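Begin with the surface, then follow a sheet, a loop residue and a helix.

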Amino acid sequence: MRGKPYRLASSPEAGRLIDRTRRLTFTFDGRRMTGFAGDTVASAVLANGERLFGRSFKYHRPRGVMGLGADEPNALIGVGQGARHEPNLRATQVELYDGLTAVTQNRWPNLIFDIGQLNSLFSRILPAGFYYKTFMWPQRFWEMLYEPLIRRTAGLGKAPTAPDPDLYEQMHAHCDVLVVGAGIAGLAAAEAAAARGAHVIIIDENPRFGGLADLGGAVIDGRPALDWAREVTARLAKADNVHVMTRTTAWGHFHDNFVGLLERLTDPDPAAARSGTPRLRLWKLRAREIIMATGAIERPIAFANNDRPGVMMSLAGRALLARYAVSPGQRGVVFTNNDDGYRTALAYAKAGVPISRLVDARPQAPEALAEELRASGVMVSPASGISNVKTSFGGLSIESVVVSPYRAGQGRISSEEVIPADFVLVSGGWNPVVNLWCHNGGKLRFDEQLAAHRPDRTTARMRAVGAANGTFDPAAILDEAYAAGEAASGNSSSGALPRAKAASHPTSAIEPIWFMPATGSYNEGNKHFIDHQNDVTAADLELALREGYQSIEHVKRYTTWSMATDQGKTSNTLGLGVVSGATHKPIPEIGTTTFRPPYTPVTFGAIAGSHTKQLFLPVRRTPVHEWHLAQRASFEPVGHWRRPYCYPKPGESRHDAVNREIVTVREKVGLLDASTLGKIEVKGPDAAAFLDRIYTNTFSTLKVGRARYGLMMTDAGFLFDDGVTVRIAEDHFLMHTTSGGADRVTAWLEEWLQTEWTHDKVFITNVTEQWAQFALAGAKARAILEKLGTDIDLSPQALPFMGYASGTLGSYPVRLYRISFSGELSFEIATPAGYGRALWDALLAAGAEFGIAPYGTEALHVLRAEKGFIAIGDETDGTVTPLDLGLDWAVSKKKPDFVGKRALDLAYLKAEGRKQLVGLLTEDPQIVLPDGAYAVETPLPQPPMRMIGQVTSTYWSPTLKRSIALALIREGRKRMGQVISFPLSEGKVIRAKIVEPVFYDKEGARQNV
């Protein structure tokens, strides 16, 4: 609600972070406002007299600022315009800059007059989980009404539709010690670790280090804690072994101390993003040790209408005053159950902002603090609580506060006192920020004195210090932090850092209070808000319990409590307290919900990094790619590669080009760029035994200088990849895989080595891009190699089919393999990638007199289909075994074990009726079957028909001058000679005869010459 400006005059107690000499202009929902350099959007808007920041998700209730920073559940705004608009930013964390454009969310047509607030009138019939019951009937309404309505109302902010113009980057780093949080605990721990020689990275999500040193009132070495923090920060920034990072959030902790960090690089300078500076940087950090100094978050207290604009956390109110010289209103009330609320009331009294009452739920007020407050003119009411707030029409602003007597366990209130006030500052205790601790399995314990969960045990190399560990006394914080830093450094020989000393800060015990009773229907808890963003009330939690939900995780999901964008930072423990009161079970018995990453939202832009547009999936090109371009090759994607499909000549169609290339290979000689073929080096004393377990056939018996075709299966028994593996030396193998399979197979091999066969001495190296590889296929292949000159004996006796040799070809170092995927005399020639283009040119020049010509992938596929060779991904679909393809000869019956061996004995993989690989010849030789066409035994006028298989590969064969196809047909090998039908659209049926899958040179005479 718009009111009087709340910016206070400059004073030692107010406005530490703002620069009043630098006035900034911005807009908030189209309204022009001014602020100062150093403001956040929250402080600047409040200073302009605006309390209303948004509407809640479900009931569209008006909401204002509640928290201090990342804990803010209410004041979510969209910042920026057009493609640079970003929704759901917390106004408490958005740094103000000149020209900033901010809009509120979840309201229509505007923030004051929001039609969605009608939902509040029906709150009685819209409790938690109502959608599970409401949208069940009538069934036809789902598509007509329910789904469109839900889709329109879901979500908060609006995502931009234009492409994101900003840049993002990602970095990998490692360190000895990562310190998360740069308050006094984090600074002390970082300095202690660095002093002992550790490489330290210290981060904080805020624009500056110091944490709450300016608000806590601590005294270190006889001076304010903030002064000490500034000195330590300066020393750390100058240290060679320390990396200091502000505006950086540790959003996730994973296995082996792998931590995700998000660094904001252009806050608060959007011009930097427009000039090319990355907006966000995602760090992937591995730390030997982690010190968690993440502090604590103040928690609210549930009382009637505790969600109204003007109700905020005590520390947030104190920060507004001290840092930005902003008051939430003209006259306030502080509601607390601990000593910190008194410090807030004193700060406001000293700044000249009237505090009508300090309401303390505890039976007795701390004497010294209470006397100081009374001396400042603030009345103290112990054993009391706020039972309700009274608001203006529409609930847009607070007009008064209802105070009632309170004692722990009471069910209703006996009397009420109405106190004029327009803001309320609440302090219900402190919750250590334990998210990172829990992300990777860390356990918590409930501390009865704090009435909060704190770190207990973890298997990670992580230590919690300071408020994150439930330690709040400054002296104890420093002792704990110094000890943790020294221990984490891993160096006990260096001298200890001289330790700063802090004055102790004795405090009285808190009085846990989760639910403040009220009068009338308000005492039912349906206006006692727990999760402010999702409108989850105490009544909702109690309803979930009555509905039969016992697990706290089920209660969470039924009500959506702690599932908002703040992930329960303010609502989690408060909700547990309400459930505890309703079930009469202690909180430790109830447990807690699961903390999952990210700690705060991470944008898709940061996750994608630079992997967008052309870099989203970088196209791999062979060393001969430019030559292919010059020949006007027609390309196709093969995995991440671009390979020539064919080389059409002027006036020639792709089909004609493919046919010409096939005939060239069969009658003369062809040259194929096979550099994309997966190439994986497997080396080590256990390499042979390792391959025996990976492949279905045996490789330990393979002789040096020989190659063998092998199959890999998944542990479920299905064909995974295939290829030819060469034994280069006793402990050195080169595995060939499919072009799209090299990365997948490498990861597969590493997974087995790192999880199952950890004692094997084997190294796996993917060298696909280190070698150019060409297939020279055709009767004149040997003659071309001899013409180039080589020190390798090319005779069939010295280099037979499936043989290997290394040496030089012309002036180029090569590995030479007698491998054929075409059925012709063929040599595959591998050379280091840097020699690739030159060797390619030399081969073409030497083969010119023999009619050499390049051929592409489609010709390769027709050539292999004529020979009945399978292609992974064509003849396989993840459900095919080697036996289905007639490759049982490649499955060892002698080896004791290999991946997938046991699966092949499963009944359903051995059962009759499985599809088997066969060849097909259409009755009309000129008709080519469509790829993927379904086979049926008896065609019918319309579906359904009994399908018995499908075409896997189908081509026109210029060699055979007819169409050919490979197919998987149920019990296909028993159907040899049968004619089956393939129904197509418009009633067309193609008939084909089942034959052996090898159509050409079944004896293999042409490849063995």
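The protein exposes about 42,400 Å², and carbon and sulfur atoms supply 54% of that area. Accessible areas come from the Shrake-Rupley method with a 1.4 Å probe, and for residues only the protein chains shown count as cover. The model is predicted: local features need pLDDT of at least 70, side-chain atom pairs count only at pLDDT 80 or more, and totals for chains, interfaces and linings use all residues. Residues are numbered from 1 along each chain as its sequence is written, and side-chain values use heavy atoms, with hydrogens and water left out.

Of the 1009 residues, 57% are buried (buried means under 20% relative accessible area, exposed over 50%, partly exposed in between; 1.4 Å probe, protein chains only). The C-alpha trace spans about 110 × 75 × 55 Å along its principal axes. Secondary structure comes to 24 helices and 49 strands. These are DSSP runs, numbered from the N terminus: helices are H or I of at least four residues, strands E of at least two.

Five strands form an open sheet in the order β2-β1-β7-β5-β6, with mixed pairing. Two strands pair if DSSP finds at least two bridges between them. β2 (31–37) and β6 (86–90) are the edge strands; each has a single partner strand, so one side of each lacks a neighbour in the sheet. Inside the order, β5 (residues 76–79) and β7 (residues 101–104) pair in the antiparallel sense over three bridges. Gly78 has Val103 of β7 as its bridge partner.

Is Asn337 buried or exposed? Asn337 is buried, because its relative accessible area is 0%. Asn337 lies in the loop between β18 (332–336) and α8 (340–351). Leaving aside residues up to four places away in sequence, Asn337 touches several sequence stretches, including Asp360, Ala361 and Arg362, Ser427 and Gly428, and Glu511 and Pro512. Gly705 is 368 residues from Asn337 in sequence and 81 Å away in space, C-alpha to C-alpha.

Last, helix α12 (residues 538–546). Its buried residues are Ala538, Ala539, Asp540, Leu541, Leu543 and Ala544. Their cover includes β29 (529–531), β30 (536–537), α13 (552–559) and α14 (572–583). Just after α12, Gly548 takes a positive phi of about 105°.

Key
Contact = heavy atoms within 4.5 Å.
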